[in-house]
Amino acid sequence: QVQQQQQQQLNGSLPSTVTAPSAACQAAPEPDSQKNAAPPIQTQDIDQLSEGTTLKLGSQSFRILEQLGSGSYSVVWLAEELRGHGHMAGPPQRADPSRLVALKDVQCRDHKALRQALFEVRLMLALEKEQLMQDSLANDRLRIPRCFTYEVHTTSVGSAVRTAMTRLPGDQLDNWLVKAAEATAKDSVHWKSHLAEGSKLARAMVRQLGPTLHFLSTMAYHRDVNSHNIMIRANDPATAATPGGGGGGGGEPQASFYLYDLGLAVDAESWNFSQFSPPTPTSSSAAEAASDNKSKAAAAEGSNHESNHNHNIINNHSSSASGGNRFAAAMAPGSMEGRYPGLWRITDIGGDCRYWPPGAWMLHCFGAEYLEEREDFCRQYRTRLDIHSLGITALEVLCSPAITSCEGSNGSD
């Protein structure tokens, strides 16, 4: 049932501790179909959402229908945008598919969590804006959710960042693989046939999500690419006519893949490099200053960057259209002069450890200094986390059905 809410006017502003998004990251204008809609319901802040809850985000109102998934600090709901008059009276009617959205509710107990949640929203907005300004993805859509609107609500334990975004089609890839394995165990198809089909699916996934990760890397790194954060829409006729979509000719499967959950994403520039000058050594001994250099660098980063983490994308964004990948110049010979290593050294390792590259395990077990001494592995961790994780996921898609079939009677030979 719809919870009875006290009617009051929301001022629509962010808390004083939050910087409002810049002009570069404003939400897309409302479609013409929404301009003539009745004014949405005004509701007060709600600590916890539940089925039937009605809430306002920006100038739009939504009704929660059911839970789609949850994580440690967030819940994703299926919600319906409310339009017209009389939608509060009586029980909820059957939802209009054209009005369905995914509504993410992130509970933030401190300022750091709030900044990270806001970065996820602003990143989606910035990616959409950048895509519209370029032709690089003309034939390959940016396969991440689109942000429609968001708002920061005050709760009894802190803040909640609530975002209405595209409801991606299909199923979570990990769940889909489990169902596929269960079906495989019951069929009489040889395991080699399942391996061939897995190969086609894995190739389709890499072809579709590879350009998205490449485009994302000009601004941020996802850091949590895995089968749980990828959606698959199998037997999708739309991919048959999509270049690089993996459907149509050559016996390719008709399937679409989408990437979501940017909750652990980091700004690529802050992650790789600091723009702050290193502290001046106070020791009279040059040898002591040199030996203590790395520890001072880490301390300087921790104090100087805490307030700037993940916000270069808003305040200092340079697009690939105007100058190519900004990290190509940053990594050129001599480019480290005047710079200090970035936030990768002091930021917690994120994501599912089953998808970590070797560099992540080196950092986890032995620390940043150990990893820095191994240039290739360090570069792998700093710039290729998402690529590696996508490759591991592709192996998962390739092998899962075939292994299940091989373990059963179908693979006895």
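The following legends describe close-up views of a predicted model.

**View 1. Strands E5 and E6 form an antiparallel pair.** Strand E5 covers residues 147–155, and strand E6 covers residues 158–165. The pairing of these two strands extends over eight bridges. Within the pair, Glu-151 has Arg-162 of E6 as its bridge partner. Seven of the nine residues of E5 are buried, so the strand is largely enclosed by the rest of the structure.

**View 2. Helices H4 and H14 cross in a right-handed sense.** Two packed helices are described by the angle between their axes and the distance between the axes. Here, helix H4 (residues 191–216) and helix H14 (residues 385–407) have axes that come within 8 Å and cross at roughly 165°. Because angles over 145 degrees count as roughly antiparallel, H4 and H14 are described as roughly antiparallel to each other. Their contact comprises 16 nonpolar residues, six polar residues and one charged residue.

**View 3. Phe-366 and Tyr-370 form a tilted aromatic pair.** Four aromatic pairs are found in a search of the whole structure. In the pair shown, the distance is 4.5 Å centre to centre, with 35° between the planes. Phe-366 counts as exposed because its relative accessibility is 55%, whereas Tyr-370, at 27% relative accessibility, counts as partly exposed.

**View 4. Three aromatic residues form one cluster.** The members of this aromatic cluster are Trp-271, Trp-344 and Tyr-381.

Methods
Residues numbered from 1 in each chain as written. Predicted model: local features only at pLDDT ≥ 70, side-chain atom pairs only at ≥ 80, totals over all residues. Heavy atoms only, no water. Buried < 20%, exposed > 50% of the residue type's maximum accessible area, 1.4 Å probe, protein only. Helix = DSSP H or I, 4+ residues; strand = E, 2+ residues; numbered from the N terminus. Pairing = 2+ DSSP bridges. Axes fitted to C-alpha atoms, helices over the stretch in contact; angles between N-to-C directions. Parallel < 35°, antiparallel > 145°, perpendicular 65-115°, else oblique. Left-handed = near helix turned anticlockwise from the far one by under 90°. Nonpolar A, V, L, I, M, F, W, Y, C, P; charged D, E, K, R; others polar. Phe/Tyr/Trp six-rings, centres within 6.5 Å; stacked < 30°, edge-to-face > 60°.
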